[in-house]
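My entries follow in the order I made them.

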Amino acid sequence: MGQIHILKGDITTAQVDAIVNAANSRMLGGGGVDGAIHRAAGPKLLAECKNVPSVNGQRCPTGEARITSAGNLSASYVIHTVGPIYNIDKAPREHLINAYENSFKLALSHACQSIAFPAISCGVYMYPHHEAAEIALNVALEYVNHFDIYFYLFDEPLFNIFKQTYRQLTTI
Ligand code: AR6
């Protein structure tokens with residue numbers, strides 16, 4: 001039985017088996033947490049991403065996940081998932097649920113015992129933060145038997161939303 005930990009800070013410092021990246025479908029890096037993870041991991045991560053099979057330049061469709069090693073990060077793996085772009089996605093809720101679930105499934109199949117997530121789609125993809133927290137934490141509660149789960153929130157308002165949502169979901 002693991003635990004859910006809600007932390008404020010930089011996910012690249014997480015001491016876990018797998019760090020989840022909020023990537024885009026091309027999986028060649030980007031801004032936000034994706035940029036931070038690639039900078040901290042170094043060029044080996046980008047080289048590994050380039051080896052992931054692509055269809056028309058798309059390595060990871062929205063809601064799916066892919067796994068690579070983690071370069072200079074202390075984690076064993078980076079799990080790259082792609083959340084929905086809230087304003088243009090036809091099924092944003094379903095896709096955000098899938099992004100979390102598929103990340104957990106990949107971590108399970110690679111025998112990970114601890115996993116760290118950023119707030120997927122909560123930056124430039126503009127998913128409303130309260131609903132995103134509710135989705136992230138509900139999926140995490142389904143997998144907490146298998147992992148220690150760490151959410152790294154980068155700013156105080158989102159950190160507070162995750163803490164408050166977690167209290168609401170776990171208070172009977
Ligand atoms: N550690 C933890 N969280 C972080 C960090 C960090 N080092 N840096 C930023 N965040 P975003 P998205 C937070 O935009 O919305 C990229 O360009 C950030 O404050 O990184 O899923 C990709 O390549 C926000 O709360 O991801 C894609 O093109 C959260 O991480 C696109 O952005 C997610 O913000 C994905 O957009």
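Predicted model: local features only at pLDDT ≥ 70, side-chain atom pairs only at ≥ 80, totals over all residues.

Entry 1: I started at Met-126, which sits in the loop between S5 and H4. Met-126 has a positive phi of about 60°, and it is not a glycine. I noted the general rule beside it: most residues other than glycine have a negative phi. Is Met-126 buried or exposed? It is exposed, at 52% relative accessible area. The cut-off for exposed is over 50%.

**Entry 2: another positive phi.** I then went to the loop between H2 and S3, where Asn-56 is placed. Asn-56 is not a glycine either, yet its phi is positive, about 50°. Its relative accessible area is 76%, so I logged Asn-56 as exposed.

**Entry 3: Arg-59.** I stayed in the loop between helix H2 (43-50) and strand S3 (65-69), which also holds Arg-59. Is this arginine, Arg-59, buried or exposed? Arg-59 is buried, because its relative accessible area is 11% and buried means under 20%. I listed what Arg-59 touches, leaving out residues up to four places away in sequence. Ser-25, Arg-26, Met-27 and Leu-28 are among them.

**Entry 4: overall fold.** I stepped back to the whole chain. I counted 5 helices and 6 strands. Along the sequence the order is β-β-α-α-β-β-α-β-α-β-α. The radius of gyration is 15 Å against 16 Å from the globule rule for 172 residues, so the protein is as compact as a globular protein of that length. The C-alpha atoms fill a box of roughly 45 × 35 × 30 Å along the principal axes. Of the 172 residues, 47% count as buried. I looked at contacts between residues at least 6 apart in sequence, and 72% of them join residues at least 24 apart.

**Entry 5: surface and charge.** The accessible surface comes to about 8300 Å², and carbon and sulfur atoms account for 52% of it. I found 12 positive and 14 negative side chains. The centres of the two sets lie 6 Å apart.

**Entry 6: the cores.** In soluble globular proteins, nonpolar side chains tend to be buried together. Here the largest nonpolar core has 35 residues. Tyr-100, Phe-104, Ile-115, Phe-117, Ile-149, Phe-151 and Phe-162 have the most contacts inside it. Strands S1, S2, S5 and S6 each supply at least two residues of this core, and so do helices H3, H4 and H5. Which element gives the largest share? H4 does, with 8 residues. I also found a second, separate core of 18 residues, which includes Ala-14, Val-16, Ile-19 and Ala-75.

**Entry 7: Ile-149 and His-5.** I checked Ile-149 beyond its neighbours within four places in sequence. Its contacts include Phe-104, Ile-115 and Phe-117. Ile-149 also contacts Gln-3, Ile-4 and His-5. Ala-140, Tyr-143 and Val-144 complete the list for Ile-149. I followed His-5 next; it lies in strand S1. His-5 is partly exposed, at 21% relative accessible area. Beyond its sequence neighbours, His-5 touches Asp-148, Ile-149, Tyr-150 and Phe-151. His-5 and Asp-148 are 143 residues apart along the chain, but their C-alpha atoms are separated by 7.7 Å.

Conventions. Residues numbered from 1 in each chain as written. Heavy atoms only, no water. Helix = DSSP H or I, 4+ residues; strand = E, 2+ residues; numbered from the N terminus. Rg over C-alpha atoms; globule rule 2.2 N^0.38 Å. Buried < 20%, exposed > 50% of the residue type's maximum accessible area, 1.4 Å probe, protein only. Contact = heavy atoms within 4.5 Å. Areas by Shrake-Rupley, 256 points an atom, 1.4 Å probe, with all protein chains shown as cover. Lys, Arg positive; Asp, Glu negative; His and termini not counted. Charge placed at Lys NZ, Arg CZ, Asp CG, Glu CD. Core = buried A, V, L, I, M, F, W, Y, C linked by side-chain atoms within 4.5 Å.
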